[in-house]
Amino acid sequence: MVQATIRMVIEPIFESEFVEHSYGFRPGRGAQQALERVERLLKEGQTWVVDADIKGYFDNIPQDRLMDLVRERINDGKLLALLEAFLHQGVMESGRGWRPTTKGTPQGAVLSPLLANLYLHPLDLLAQNQGWQMTRYADVFIVQCSSREEAEAALRRIGDWMEAVGLTLHPEKTRIVDATTHGGLDFLGWHFARGHKWPREKSLQRLRERIRETTPRNNGISMESIIERLNRRLKGWHRYF
């Protein structure tokens with residue numbers, strides 16, 4: 001409740017500066033809008049894509065640098081101390097007791113999405129100043145370009161920025177893709193290729209796994225309860241896809 005209250009107070013301060021191409025965990029914004037932007041840019045010929053993956057983003061945000069960004073807009077000492085206490089609160093690992101957190105933001109904490117967006121805000125500004133067609137949803141982002149050379153130049157610049165702020169691009173998951181080929185692009189659960197889109201294979205596989213978990217043969221749950229649970233899951237999947 002305390003974190004939610006703090007977020008209600010400080011979110012408008014940062015929201016007033018966040019950029020248009022950032023969609024994750026922001027009021028009135030969501031994945032569908034991000035996907036609409038990606039589709040529109042693909043149709044406009046921005047088909048060479050920097051598909052970036054930040055290695056362990058939430059676990060590796062440098063807390064001192066994050067707090068420096070907070071202090072640029074907030075100078076209330078008690079609030080700053082409380083925010084630092086949240087960041088340093090530690091995590092409970094099963095059977096191993098409390099472990100201190102000297103970096104990163106606690107995943108699942110109410111304030112973490114806002115703070116994570118704040119730390120990548122300078123990258124958003126860099127993209128804006130460079131004229132890149134970036135679409136970001138929290139720590140997942142792509143840059144759409146009209147040529148491979150443009151995409152390679154953007155990726156080099158992004159890699160330099162990541163290194164400067166204490167983050168790392170995942171060497172195996174970060175790549176440049178051509179969305180006009182069969183291999184295409186995966187983004188926010190969808191696969192884009194050759195002017196079309198459909199649910200990516202991992203999204204379908206995850207749905208099948210959830211259905212198996214919801215419909216075991218010998219669990220003692222009534223058929224009515226199974227149907228109710230299954231319908232909730234299927235309706236949610238259908239609404240998104």
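Me: How many bridges join strand 1 to strand 6, and how do the two strands run?
Reply: Four bridges join strand 1 (residues 48-53) to strand 6, and the two run antiparallel. This is a predicted model.

Me: What makes strand 1 and strand 6 count as paired?
Reply: Pairing needs at least two bridges found by DSSP. Strand 1 and strand 6 have four, so they count as paired.

Me: What is the strand order in the open sheet of four strands?
Reply: The order is 4-5-1-6, with antiparallel pairing.

Me: Why do strand 4 and strand 6 stand at the edges?
Reply: Strand 4 (133-137) and strand 6 (175-178) each have a single partner strand, so one side of each has no neighbour in the sheet. On average, neighbouring strands of this sheet are turned by 20° against each other, direction ignored.

Me: Which helices pack on the sheet, touching strand 4 and strand 5?
Reply: Helix 2 (residues 31-43) touches strand 4 and strand 5 (140-145), and its direction makes about 160° with that of strand 4. Helix 6 (residues 112-130) also touches strand 4 and strand 5, with its direction at about 170° to that of strand 4.

Me: Why are helix 4 and helix 5 called roughly antiparallel?
Reply: Helix 4 (residues 63-71) and helix 5 (residues 77-87) pack at an angle of about 155°. Angles over 145 degrees count as roughly antiparallel. The pair is therefore roughly antiparallel. Their axes are 11 Å apart, and the crossing is right-handed.

Me: Which residues make the contact of helix 4 with helix 5?
Reply: Helix 4 supplies Q63, L66, M67, V70 and R71, while helix 5 supplies L80, L83, E84 and L87. By class, that gives six nonpolar, one polar and two charged residues.

Me: How do you know that helix 8 and helix 9 are roughly antiparallel or roughly parallel?
Reply: Helix 8 (residues 201-214) and helix 9 (residues 223-240) cross at roughly 170°. Under 35 degrees would be roughly parallel, and over 145 is roughly antiparallel. Helix 8 and helix 9 are therefore roughly antiparallel. Their axes come within 10 Å, and the crossing is right-handed.

Me: What makes the contact between helix 8 and helix 9, residue by residue and by class?
Reply: From helix 8 come S203, L204, L207, R210, I211 and T214. From helix 9 come I226, R229, L230, R233, L234 and W237. The classes are seven nonpolar, two polar and three charged residues.

Me: Why is F25 called partly exposed?
Reply: Partly exposed lies between under 20% for buried and over 50% for exposed. F25 has 47% relative accessibility, so it counts as partly exposed. F25 lies in the loop between helix 1 (2-15) and helix 2.

Me: How do you know whether L188 is buried or exposed?
Reply: The cut-off for buried is under 20% relative accessible area. L188 has 18%, so it is buried. L188 sits in the loop between strand 7 (185-187) and strand 8 (190-193).

Me: What is the phi of F25, and what is that of L188?
Reply: F25 has a positive phi of about 55° although it is not a glycine. L188 is not a glycine either, and its phi is positive at about 50°. Most residues other than glycine have a negative phi.

Me: What fraction of the protein chain counts as buried?
Reply: Of its 241 residues, 42% count as buried. The chain's secondary structure comes to nine helices and nine strands.

How values were computed: Residues numbered from 1 in each chain as written. Predicted model: local features only at pLDDT ≥ 70, side-chain atom pairs only at ≥ 80, totals over all residues. Heavy atoms only, no water. Axes fitted to C-alpha atoms, helices over the stretch in contact; angles between N-to-C directions. Parallel < 35°, antiparallel > 145°, perpendicular 65-115°, else oblique. Left-handed = near helix turned anticlockwise from the far one by under 90°. Contact = heavy atoms within 4.5 Å. Nonpolar A, V, L, I, M, F, W, Y, C, P; charged D, E, K, R; others polar. Buried < 20%, exposed > 50% of the residue type's maximum accessible area, 1.4 Å probe, protein only.
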